Amino acid sequence: MSNAFEVNFDGLVGPTHNYSGLSYGNVASTGNQNAASNPKLAAKQGLAKMKALHDLGFKQGVLAPHERPDVASLRLLGFGGTDAQVIARAAKEAPAILAAATSASCMWTANAATVSPSGDTADGRVHFTPANLNNKFHRSIEHPTTRRILQAMFADESRFAVHPALPAQMHFGDEGAANHTRFCHEYDGAGVEFFVFGAAAFDNRYSKPARFPARQTLEACQAVARLHGLKEEGVVYAQQDPDTIDAGVFHNDVISVGNRNVLFHHEKSFLHQAEVLAELDRKLAAAGGSFIAIEVPQAEVSVEEAVKSYLFNSQLLSKPDGKMIIVVPEECRNIERVWTYLQKMSSSGGPIDEVRVFDLKQSMQNGGGPACLRLRVALSAAEIDAVNPNVMMSDALFGTLNAWVDRHYRDRLSPGDLADPQLLVECRTALDELSGILALGSVYPFQMV
């Protein structure tokens, strides 16, 4: 029996969680713009999901939030003075830019990086490439801190390689694991890495969406595969259906999710879908696996219903008996056709036989479901032993982090509150304590002065 596991590292929601509607192309994000948020509740909802999966026996870790507002980015844009003066001037002259610099979007760690397990890479190490998230300003400022946090978590360079992000330029727009899935027979064996892109930057033969931006480029996918030392026979590239992007599917993980040898996806996920599935089947068979595709017909669940419910922004988790749990947000239960499909699928005798529902409304209202909140890292037992143990979920850490949230987080944050300079003080105080709890060292800019 394999002695390897898929570990989910969930983003801990930061103290500045707010609804500024910054993510054009993400229908939920823009639809809830200017609503009041509850950072304390958001963090506790995320922690509750982590603890529940830990209690079910799954390996679960925590990814720390970032310092916000990002005063350094505001200074680069010409706002000067003390930190409080920088915030005050940005609030007066460019409130939208202040909102972007205060976003807690790093909570969605599916966008933190692309990860290739050691079974796939040329040097036998686990490789991480932080996503440049070039399409949105508020996310493009994340990757330097993300890299430092990953390096603090995966510090053993004999086992882990944490690369810099790709060039921060539109031709290499990279959204991380939200557009990447790995298929395998066993987590520590050779697998097939599935890269999904929205458009090609240098090749006009590929179509593009007309309404919303294609955030991931083919060229970025290819660059990450090269950096990670992946073999051609272990990689499949697929283009998202442009019409599906224009319907609000801003990342592939809003229209499909995979685990081990199973792909759960919508009928309208990819261009040339039959050919994509055939290539996945062929290459996974060559790697010793047996590919299973579960395709949801448009007639049973429309793309619009998939976007509204986040049916596919779910987690697939392997149980000891070989079957899988699907973890979905509460919104799936509230849409009749989606819930009917889930009940039918889980009772069909197929590989997914259990549905778990979680209340993640604070994240969902900003456009992020269960899959957005986690970064998957397949690790051998020896590699798990090399991970910073302080970031791994436990009963003790769950209690410690909930108490930390209670001490430092507000229970209401409205757009006008972003101008309060005290919010930065609160965030830095909280993160200084958190970096000690998680034994990260000095990973935040204010700690490196």
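1. In strand β3 (residues 113-116), A113 and V115 point one way and T114 and S116 the other, and all are buried. Buried stands for under 20% relative accessible area, exposed for over 50%, and partly exposed for values in between (1.4 Å probe, protein chains only). Helices (H or I, at least four residues) and strands (E, at least two) are DSSP runs, numbered from the N terminus.

2. The model is predicted: local features need pLDDT of at least 70 and side-chain atom pairs count only at pLDDT 80 or more, while totals for chains, interfaces and linings use all residues. Residues are numbered from 1 along each chain as its sequence is written, and side-chain values use heavy atoms, with hydrogens and water left out.

3. Which strand pairs with β3? Strand β4 (residues 126-130) does, in the antiparallel sense over 4 bridges; two strands pair if DSSP finds at least two bridges between them. In this pairing, S116 stands opposite H127 in β4.

4. The UniProt record (unreviewed entry) places the feature "active site" at E175, H251 and C372. UniProt positions are given in the numbering used here, feature names are shortened, and annotations may be inferred rather than shown by experiment.

5. E175 is in the loop between β5 (160-162) and β6 (180-184) and is buried at 3% relative accessibility. H251 is in the loop between α9 (242-246) and β9 (256-259) and is also buried, with a relative accessible area of 2%. Leaving aside neighbours within four places in sequence, H251 is in contact (heavy atoms within 4.5 Å) with residues including E175, N111 and R215.

6. Rings of Phe, Tyr and Trp (its six-membered ring) pair if their centres lie within 6.5 Å; planes under 30 degrees apart count as stacked, over 60 as edge-to-face and the rest as tilted. By this rule there are 13 aromatic pairs. The rings of F194 and F270 have centres 5.3 Å apart and planes at 75 degrees, so this pair is edge-to-face. F194 lies in strand β7 (residues 191-197) and F270 in the loop between β10 (262-266) and α10 (273-286), 76 residues apart. Both are buried.

7. A charge sits over a ring if NZ of Lys or CZ of Arg is within 6 Å of the ring centre and within 35 degrees of the ring normal. K59 lies over the face of F5, at 4.8 Å from the ring centre.
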